[in-house]
Amino acid sequence: MKGIIIYRSETGFTRQYALWLAEELGCRAVDWKDRKKVELERYDTIIYGGWFHAGGIRGLKWFQRQLPALKDKRVAVFAVGASPADDPGVEEALAANLSGPQWEGVPRFYLRGGLCYEKMGLTDRFLMVLFRRMVKKKEGADSETYRGVSHSFNGMDRKSLLPLSAWAKNE
Ligand SMILES: Cc1cc2nc3c(=O)[nH]c(=O)nc-3n(C[C@H](O)[C@H](O)[C@H](O)COP(=O)(O)O)c2cc1C
């Protein structure tokens, strides 16, 4: 398999998954910032990984624009978020991001990342203040969601990459 992973990550969780996957597949993981240095057409398996930001997958619009040139390739997307993997909202968010004929047949995977307030930019920190306020009002300060988003945490699980790596290896 001649594969490549392109990832977009702000606080490091998506990057870590991309690096684990690259190790597992024996291929390169390239930061989105260096995307223009990569000729995607030279690879037969192309995996894009981005993080969830207010329901959208960061960098996905760019990847979508590459799809017409990748028609005969094996393509997959993984998204990383703070939500638990069994949260029903995750499937909905994946479906909302990856809908339309261009995404038909493209496998999608969700991997739980975490929250890292220390590495977040100012705008994102502010957005999280608003999000916490909303959750507190809706579900209360004792709710699991509110407590979950009130501090940094690492919810990563390397084993959750297994379905994606099996797909990439065509197993
Ligand atoms: C402003 C903001 C919005 C977010 N929106 C979502 C979301 O809609 N769904 C979700 O599961 N996680 C959401 N997250 C959590 C991030 O997706 C999570 O922290 C992810 O692990 C970040 O990946 P990174 O470390 O690669 O940047 C949000 C985080 C921030 C800061």
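**A ligand shell between two domains**

Domain 1 (3–116 + 153–168) and domain 2 (117–151) both give residues to the shell around the ligand, so the ligand shell lies between them. Domain bounds come from an automatic or database domain assignment. The model is predicted: local features need pLDDT of at least 70, side-chain atom pairs count only at pLDDT 80 or more, and totals for chains, interfaces and linings use all residues. Residues are numbered from 1 along each chain as its sequence is written.

The shell holds 23 residues, of which S9, E10, T14, G81 and G113 come nearest to the ligand. A residue is near a molecule if its C-beta atom, placed from the backbone, lies within 6 Å of it. α1, β3, β5, β7 (114–115) and α4 (122–139) each supply at least two shell residues. Helices (H or I, at least four residues) and strands (E, at least two) are DSSP runs, numbered from the N terminus. By class, the shell has ten nonpolar, ten polar and three charged residues. Ala, Val, Leu, Ile, Met, Phe, Trp, Tyr, Cys and Pro count as nonpolar, Asp, Glu, Lys and Arg as charged, and the others, Gly among them, as polar.

The centres of domain 1 and domain 2, taken over C-alpha atoms, are separated by 24 Å. Seven residues from domain 1 and seven residues from domain 2 make the contact. The side of domain 1 that touches domain 2 has five nonpolar, two polar and no charged residues.

L21 is in contact with I5, A29, L161, L164 and S165, leaving aside its neighbours within four places in sequence. Contact means C-beta atoms, placed from the backbone, within 7 Å.

Technical notes
Contact = placed C-beta atoms within 7 Å.
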